[in-house]
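This briefing walks through the chain shown below, topic by topic, for a reader who wants the local details alongside the overall picture. Please keep the coordinates open while reading.

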Amino acid sequence: MALLHRPGRPAPTGRPRRLARTTAALAATLALLPPLVAAGGASAQEVPAADVDVHVNTQAALGRLSDTARGVNAAVWDSHMNDPEVAALMKTADVGAMRYPGGSYADIYHWETHTAPGGYVAPGTGFDAFMGTVRATGAQPILIANYGSGTPEEAAGWVRYANVTKDYGAKYWEIGNEIYGNGHYGSGWEHDDHADKSPREYARQVRAYAAAMKAVDPTVKIGAVLTAPGNWPDGITGEGDPGDWNHTVLSQVTDVIDFVTVHWYAGGSDTSADTAMSRLTRLPGELREVRAQIDRYAGADSPRIGIALTEVNTNTGGAQLTARPNGLFAADAFMTALENGVFNVDWWNTHNGPGAITTVDGETDYGDMGMLASGACTGDVCQPAPNTPFHPYYGMKMTGELGTAGDTMVAAASSAQDLSAHAVHRRDGRLSVLLINKNPDAARTVDLAYAGFSPSAAAPEVSRYARGDSDITDVTDSGASASRVTVPPYGMLTVTLTPKSGTGSGASAAGTPGTPRLEAVTDTTARLSWAGTTGAARYLVQERDGAHTYLVGETTGTSVTLRNLPPGSTHTVNVLASDAAGRLAAPSDPLTFTTGTPADAACTVDYHRDTSWGNGFVATVSVRNLSDTPITGWTVDWDWPTAGQSVSSGWNATFHQSGRHVRVTAPENAGPLAPDGASTASFGFVGANDGPNPDPTVFRLNGTVCAGG
């Protein structure tokens with residue numbers, strides 16, 4: 001049944017408490033781009049010696065911030081949802097999206113009657129009142145059509161009221177909330193009246209909803225619900241289903257949807273925000289896997305389908321939810337998701353209600369998943385006045401100091417695990433760098449170096465949020481320089497630099513090229529093309545490895561073929577235009593692609609996941625020899641795509657794993673692999689995955705690259 005809120009009880013989280021969830025760079029054939037250079041700045045006597053290096057590369061674009069980048073959830077059981085203070089606070093934090101009517105409530109909520117049978121609906125939280133807050137904020141709504149107890153006709157009626165009758169221009173519409181939690185996989189919290197609760201039926205209904213809603217307003221964007229790879233029930237195949245939730249749904253809906261939604265809670269048996277910050281390293285891989293799944297089923301149409309992270313927080317209950325470390329997590333999570341291909345991130349929640357009371361970093365933590373206080377109490381401990389911001393609000397607000405809609409996120413890398421770095425190249429030529437010190441005990445002094453950007457001699461603008469600050473604070477006069485800053489313990493700094501006169505992309509007569517498209521790919525080549533731009537004398541194609549870039553192609557046209565690529569390798573590239581004087585314009589948005597395996601290989605390997613359960617799986621591997629001579633004493637090698645994948649135990653072979661590399665050796669007394677594919681060697685294993693679980697991309701038999709089976 002749905003998670004329902006009743007007066008006097010903590011507000012629902014939109015999720016149940018669950019069990020813990022569980023490239024090599026291309027060698028450059030041409031010259032490297034200019035190396036990282038440190039800007040001049042303060043002397044060693046003025047600031048401590050640096051203990052962290054941060055490299056920022058403005059020639060490695062990660063994508064542009066959308067107008068819906070920062071978002072929050074709003075729920076009809078929240079009596080403070082439409083307080084005037086909410087709109088003012090969210091506007092100040094540059095919030096561009098507000099999601100309604102609230103997590104699992106979406107699947108019991110009927111917009112026209114403003115009712116949620118079995119649940120509590122607070123006065124003054126109807127759709128028109130919500131839209132008043134959205135408009136006062138300057139945001140856009142993200143609306144969840146009722147799948148669990150609604151119909152396509154009810155959803156179409158909502159579109160008609162919102163966009164025809166009221167002219168609200170509501171663009172984004174999700175079909176249901178966490179429908180995979182409807183009990184089909186054994187655990188159920190999401191209300192679903194459909195007799196058939198399978199992903200096949202959900203996909204069929206998504207098509208019906210999309211048809212009905214777009215018949216009213218063809219401009220609306222329809223979103224389908226996916227589960228985050230590596231999180232339950234990813235990889236589980238229900239009885240009678242052709243595959244797990246994501247693969248089944250995507251195989252049937254990519255032609256009618258415009259985006260997908262996933263939810264991400266760091267989770268884990270340790271509910272601390274400190275642990276959650278370390279688990280953020282999994283999120284990029286999980287989002288890459290979502291994109292890979294969309295690529296598989298949408299093909300060339302994949303770039304049209306966006307990804308929205310419509311719920312995010314550290315965990316679904318427990319400690320360290322309103323405390324300072326969760327503010328650091330919020331800033332880090334927003335930027336990590338946006339840098340990895342998401343157009344919208346929505347914090348759960350605006351107000352939520354208190355839970356367990358603890359003390360964290362010397363402050364009361366109210367166990368509340370909201371950004372703003374609701375003023376409620378747990379026992380004799382009461383929150384501050386309604387709408388008092390908690391630390392996660394300031395974490396989100398700090399990302400607004402970093403950049404706004406239309407600015408370009410660029411690569412930044414830190415040498416320290418406890419200091420995160422994010423960077424945005426602004427449309428006016430300035431560069432902003434966000435530094436997040438996750439160490440509660442020690443300040444970190446950071447040496448900043450840049451590629452593609454030369455800072456002026458002017459002192460940078462600096463904003464801080466750290467212990468003792470009641471809001472984001474201007475500390476421009478603190479002595480920070482373009483080359484060195486000190487970040488307080490458990491603190492955040494945003495450093496904004498102006499470019500040296502006559503330098504940077506603004507000095508180039510060329511414009512920004514279009515995003516590259518993958519026209520064709522083989523095991524060793526990739527043909528790319530892009531829309532040209534005015535003022536371009538030539539184009540450079542760069543591959544990114546972390547915050548470093550390598551020149552891999554150059555042309556005066558608008559297409560290039562990259563050669564000598566390793567089979568089964570993944571590459572992320574940008575295109576830059578150079579004017580006649582050699583000055584580089586801003587880079588295009590990135591393209592990520594993976595090469596294939598040889599069509600005429602002398603062997604085949606078929607890798608099949610037989611079953612999965614979120615953090616583990618069973619796989620069977622079959623090998624055939626297609627050469628004209630038998631093979632005795634074979635080995636099969638592969639590399640896992642992510643660090644969290646491993647072999648636990650196996651059969652019919654001997655297994656050895658070192659880092660991500662796996663080597664499988666034929667058992668003793670194994671017969672030879674017959675030539676021309678006349679025999680097959682099969683082995684299996686139990687695997688574990690801590691995070692996403694993508695299939696390996698290339699297998700080698702005795703060192704020879706094989707084709708997929």
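This is a predicted model: local features need pLDDT of at least 70, side-chain atom pairs count only at pLDDT 80 or more; totals for chains, interfaces and linings use all residues.

Which pattern do the disulfides of the chain follow, with bonded cysteines counted along the chain? The pattern is 1-2, 3-4, and a search of the whole structure finds 2 disulfides.

**Overall form**

- The chain contains 9 helices and 39 strands. Its radius of gyration is 26 Å, close to the 27 Å that the globule rule gives for 709 residues, so the chain is as compact as a globular protein of that length.
- Along the principal axes, the C-alpha trace spans about 80 × 70 × 50 Å.
- Of the 709 residues in the chain, 57% are buried, while the accessible surface comes to about 26100 Å², with 50% of that area belonging to carbon and sulfur atoms.

- Strands of a sheet pair through backbone hydrogen bonds, either parallel or antiparallel.
- A closed barrel of 8 strands, with parallel pairing, runs in the order β3-β4-β5-β6-β7-β8-β9-β10, and the twist from one strand to the next averages 30°.

- Strand β25 (residues 538-545) has antiparallel pairings with two strands, being joined by 7 bridges to strand β26 (residues 548-555) and by 6 bridges to strand β28 (residues 570-578).
- On the β26 side, Tyr-539 has Thr-555 as its bridge partner, whereas on the β28 side the bridge partner of Gln-542 is Asn-574.
- β25 and β26 form a hairpin with 2 residues between them, and in the turn Gly-546 has a positive phi of about 65°.

**The two disulfides**

- A disulfide is a covalent bond between the sulfur atoms of two cysteines.
- Cys-377 and Cys-382 form one of the disulfides, with their sulfur atoms 1.8 Å apart. The torsion about this S-S bond is about 100°, so the disulfide is right-handed.
- Cys-377 counts as partly exposed because its relative accessibility is 40%, and Cys-382 counts as partly exposed because its relative accessibility is 39%, both values lying between the limits of 20% for buried and 50% for exposed.
- Cys-603 and Cys-706 form a disulfide whose sulfur atoms are 2.0 Å apart, and with -95° about the S-S bond this link is left-handed. Cys-603 lies in strand β30 (residues 603-612) and Cys-706 in the loop between β38 (704-705) and β39 (707-708), so the pair ties together parts that are 103 residues apart in sequence.
- Cys-603 and Cys-706 are both buried.

- Ala-170 sits in the loop between α3 (152-165) and β6 (172-175), and it counts as buried because its relative accessibility is 2%, under the 20% limit.
- Leaving aside neighbours within four places in sequence, Ala-170 is in contact with Pro-141, Leu-143, Ala-162, Asn-163 and Val-220.
- From Ala-170 to Ser-648 the C-alpha to C-alpha distance is 49 Å, and the two residues are 478 residues apart in sequence.

**Backbone features**

- Most residues other than glycine have a negative phi, and most peptide bonds are trans.
- A cis peptide bond joins Trp-232 and Pro-233, where omega is about 5°, and Pro-233 lies in the loop between β7 and α5 (245-253).
- Trp-348 and Asn-349 are likewise joined by a cis peptide bond, with omega of about 25°; Asn-349 has its place in the loop between β10 (344-347) and β11 (358-360).
- Asp-361, which is not a glycine, has a positive phi near 55°, and this residue lies in the loop between β11 and β12 (363-365). At 30% relative accessibility, Asp-361 counts as partly exposed.
- Asn-652, also a residue other than glycine, has a positive phi of about 65°, and Asn-652 is found in the loop between β33 (645-651) and β34 (654-658).

Key: Residues are numbered from 1 along each chain as its sequence is written. Side-chain values use heavy atoms; hydrogens and water are left out. Two strands pair if DSSP finds at least two bridges between them. Helices (H or I, at least four residues) and strands (E, at least two) are DSSP runs, numbered from the N terminus. Buried means under 20% relative accessible area, exposed over 50%, partly exposed in between (1.4 Å probe, protein chains only). Contact means heavy atoms within 4.5 Å. A disulfide is a pair of cysteine sulfur atoms within 2.5 Å. Axes are lines fitted to C-alpha atoms, for helices over the stretch in contact, and angles run from 0 to 180 degrees between N-to-C directions. The radius of gyration is taken over C-alpha atoms; the globule rule is 2.2 Å times the number of residues to the power 0.38. Accessible areas come from the Shrake-Rupley method with a 1.4 Å probe; for residues, only the protein chains shown count as cover.
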